[in-house]
Amino acid sequence: MAEVLVYVDHADGAVRKPTLELLTLARRIGDPVAVALGAGAGDTAATLAEHGAVRVLTHEAAEYADYLVVPKVDALRAAHDIVSPAAVLVPSSAEGKEIAARLALRIGSGVITDAIDLEAGDQGPVATQSVFAAAYTTKSRVSKGTPVITVKPNSAAVEPAPAAGAVEALDVTFSEQATGTKVTARTPRESTGRPELTEAAIVVSGGRGVNGAENFAVIEALADSLGAAVGASRAAVDAGWYPHTNQVGQTGKSVSPQLYVAAGISGAIQHRAGMQTSKTIVAINKDAEAPIFELVDYGVVGDLFDVVPQLTEEIVARKG
Amino acid sequence: MSLRIVVTVKYVPDATGDRHFADDLTVDRDDVDGLLSELDEYAVEQALRISENSDDDVEITVLTVGPEDAKDALRKALSMGADKAIHVEDDDLHGTDAIGTSLVLAKAVEKAGYDLVISGMASTDGTMGVVPALLAERLGVPQVTLLSEVSVEDGTVKGRRDGDAATERLEAALPAVVSVTDQSGEARYPSFKGIMAAKKKPVESWDLSDLDVDADEVGLENAWTTVDGATERPARTAGTIVKDEGEGGRQLAEFLAGQKFV
Ligand SMILES: Cc1cc2nc3c(=O)[nH]c(=O)nc-3n(C[C@H](O)[C@H](O)[C@H](O)COP(=O)(O)OP(=O)(O)OC[C@H]3O[C@@H](n4cnc5c(N)ncnc54)[C@H](O)[C@@H]3O)c2cc1C
Ligand SMILES: Cc1cc2nc3c(=O)[nH]c(=O)nc-3n(C[C@H](O)[C@H](O)[C@H](O)COP(=O)(O)OP(=O)(O)OC[C@H]3O[C@@H](n4cnc5c(N)ncnc54)[C@H](O)[C@@H]3O)c2cc1C
């Protein structure tokens with residue numbers, strides 16, 4: 001069977017969930033060969049093997065952390081040249097998309113970004129994309145070269161499928177461009193203990209209606225009662241009430257959870273672009289005319305400061 | 001010293017309008033108004049700020065690849081304060097994908113001459129967020145992308161990139177390709193004076209032959225990617241909406257329990 005390269009997103013050897021989803025999707029097209037780079041790359045092997053990687057190509061070097069994007073492109077290129085894969089799959093993070101695009105250009109291929117599903121087709125893998133703020137669903141494929149496709153988080157349910165996962169050291173020669181952009185400092189984001197926004201099964205978001213940084217405690221309490229991640233609208237972020245990394249929407253994260261709760265958010269097109277594909281949508285807004293209500297499965301017209309604490313209390317009570 | 005900045009700006013269908021696909025599965029541009037991609041306003045803004053903070057002579061050129069109407073996007077950028085504009089327009093460009101677009105942009109940037117290219121973080125139609133990286137790859141210069149803060153000093157560009165896992169400080173020698181996010185600073189509104197002045201600023205038009213790009217490297221037929229189908233997402237079925245009369249939270253909890261979320 002054809003081999004499919006899967007770029008591994010990991011933190012010091014801990015494989016992030018979107019990569020496991022990629023391995024699941026990759027198996028529909030061929031045998032996954034995982035590429036893990038940087039500190040802790042070798043530690044990813046067991047998890048990757050458990051999820052279907054027939055081979056794990058690893059390479060550790062300081063360059064991956066010290067310079068932006070290009071060293072990873074060099075490595076993926078090296079992996080591509082020894083594997084001759086049927087496709088290359090990369091998680092759809094900001095960096096993942098840049099790596100994928102540069103690789104595609106180097107190997108003379110096309111690139112598709114932000115696929116939400118992937119299946120085998122007569123003319124190569126077919127990607128499903130959700131476009132124009134989720135107003136359309138498209139089917140597309142790469143028509144020249146080895147398909148390079150980035151896939152959004154939450155696009156597939158992770159299914160373990162034990163495979164050999166033989167670890168091999170990848171031989172990488174860095175290009176002249178590799179050291180072009182130096183990372184002079186890095187401040188890791190502090191963990192909140194809550195699930196990762198793009199990976200969470202439930203997201204609770206607050207908007208301008210929350211009216212103050214301190215009031216976000218109301219949103220957080222609901223999120224914690226549901227084991228959810230916390231999101232925010234750009235209005236709330238721009239006001240400085242919540243960090244930009246929690247912004248949901250066109251220029252923030254796009255999320256597709258099982259349940260999305262919007263409190264004090266009007267539902268502007270740019271916000272909808274980031275949450276419209278959520279399975280179940282719930283909104284609390286005091287304006288019955290707010291466009292968010294066009295999307296909801298269940299909406300409460302009311303003051304969030306009344307509704308949200310009551311909801312939280314009820315959930316906590318039900319959970320006993 | 002002088003600094004030549006080229007800002008890439010895209011002409012896109014208005015996101016708040018009703019966007020559709022045409023029969024050939026490219027963007028239908030006839031049924032919806034076009035405008036300068038809002039995220040490219042941030043790129044123009046940063047170019048202007050770099051110019052204002054610089055002791056050097058800074059020349060800002062805005063560049064677009066797009067149909068006739070794309071001139072509107074250039075005019076907007078000129079009225080914000082850019083010095084001149086380049087419009088790459090050619091019938092053979094219809095349906096070009098990201099790989100092809102980056103080829104045309106790279107050739108145009110090289111022909112224009114540059115020390116710094118500034119792009120938006122993503123377009124508001126394709127929203128791929130890959131063109132700046134592709135441009136850097138093609139030009140063989142550093143990419144310093146997704147910056148929420150940017151400055152240029154002594155031939156070096158510095159910036160801050162807020163990633164998912166960490167905030168990074170980046171640095172590269174010019175020439176370089178930069179992209180900026182909507183966190184980089186509110187874009188200015190064109191003043192009346194700016195709008196009047198823009199009418200007199202030069203807009204050059206180039207076609208593929210001016211750039212030594214073959215027609216078979218671009219366009220729908222030659223694209224590296226193919227769209228096989230597009231379906232409009234079915235409208236959501238109307239949900240239940242209740243008015244809070246003291247029990248709204250509990251009613252919502254009941255709904256969530258019924259859906260097995262609690
Ligand atoms: C290029 C571009 C990119 C953008 N990207 C994003 C993005 O990624 N994400 C994003 O969110 N936005 C984005 N925006 C901004 C977007 O257009 C909206 O301005 C923004 O989403 C509005 O946020 P909001 O709904 O919180 O605020 P508003 O639109 O002001 O809505 C606040 C809502 O809260 C309700 N409310 C007020 N008080 C209460 C209360 N006590 N109880 C209940 N309800 C209450 C009000 O009725 C209102 O509906 C972008 C805009 C542009 C131009
Ligand atoms: C809904 C949709 C989905 C698409 N999916 C794909 C796909 O999966 N693969 C693919 O190869 N193509 C795709 N395309 C085509 C692609 O969007 C265009 O080729 C486009 O010009 C480049 O990608 P982008 O608009 O996403 O730009 P981005 O990479 O998001 O743009 C980043 C920046 O690059 C600059 N820029 C981009 N285009 C231009 C331009 N024409 N002129 C000047 N500056 C520009 C701007 O500064 C912009 O802010 C898609 C188009 C649409 C409308």
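Which polar backbone atom is 3.1 Å from an oxygen atom of ligand 2? That atom belongs to Asp97(B). The legends below describe this contact and others in a predicted model.

**View 1. Ligand 2 lies between chains A and B.** The ligand is surrounded by 31 residues. The closest of these are Thr8(B), Lys10(B), Asp40(B), Ser123(B) and Gly129(B). By class, the shell around ligand 2 is made up of 14 nonpolar, 13 polar and 4 charged residues.

**View 2. Backbone atoms of chain B make polar contacts with ligand 2.** An oxygen atom of the ligand is 3.1 Å from a polar backbone atom of Asp97(B). At Val131(B), a polar backbone atom is 2.8 Å from an oxygen atom of ligand 2. A backbone N or O atom of Thr127(B) lies 3.4 Å from an oxygen atom of the ligand. On its own, ligand 2 has 920 Å² of accessible area, and the protein covers 92% of this. Two or more residues of the shell come from each of β7 and β8 (126-131) in chain A.

**View 3. Ligand 1 sits in the second largest pocket.** Residues from chains A and B surround ligand 1, so the site is shared between chains. There are 27 residues around the ligand, and Arg208(A), Ser233(A), Gln247(A), Ser266(A) and Gln270(A) come nearest. The shell holds 7 nonpolar, 14 polar and 6 charged residues. In chain A, α7 (234-238), α8 (269-272) and α9 (304-319) each supply at least two residues of this shell, as does α1 (38-52) of chain B.

**View 4. Backbone and side-chain atoms of chain A make polar contacts with ligand 1.** A backbone N or O atom of Arg234(A) is 2.9 Å from an oxygen atom of the ligand. For Gly264(A), a backbone N or O atom lies 3.0 Å from an oxygen atom of ligand 1. At Asp303(A), a polar side-chain atom lies 3.2 Å from a nitrogen atom of the ligand. Ligand 1 taken alone exposes 990 Å², of which the protein buries 83%.

**View 5. A salt bridge joins Asp114(A) and Lys97(A).** Side chains of opposite charge can pair when their charged atoms come close. Here the N to O distance is 3.1 Å. Asp114(A) is in strand β7 (residues 111-119) of chain A, and Lys97(A) is in helix α5 (residues 94-106) of chain A. The two residues are 17 residues apart, and the pair links distant parts of the chain. Over all chains, the count comes to 36 salt bridges.

How values were computed:
Residues numbered from 1 in each chain as written. Chains lettered and ligands numbered in written order. Predicted model: local features only at pLDDT ≥ 70, side-chain atom pairs only at ≥ 80, totals over all residues. Heavy atoms only, no water. Near = heavy atom within 4 Å. Polar contact = N/O pair within 3.5 Å; in protein donor to acceptor, adjacent residues only side chain to side chain. Areas by Shrake-Rupley, 256 points an atom, 1.4 Å probe, with all protein chains shown as cover. 1 Å grid on protein atoms, 1.4 Å probe; cavity = no way out; pocket = protein on both sides within 12 Å on 5 of 7 lines; lining within 4 Å. Sits in = over half its atoms within 2 Å of the grid points. Helix = DSSP H or I, 4+ residues; strand = E, 2+ residues; numbered from the N terminus. Nonpolar A, V, L, I, M, F, W, Y, C, P; charged D, E, K, R; others polar. Salt bridge = Lys/Arg side-chain N within 4 Å of Asp/Glu carboxyl O.
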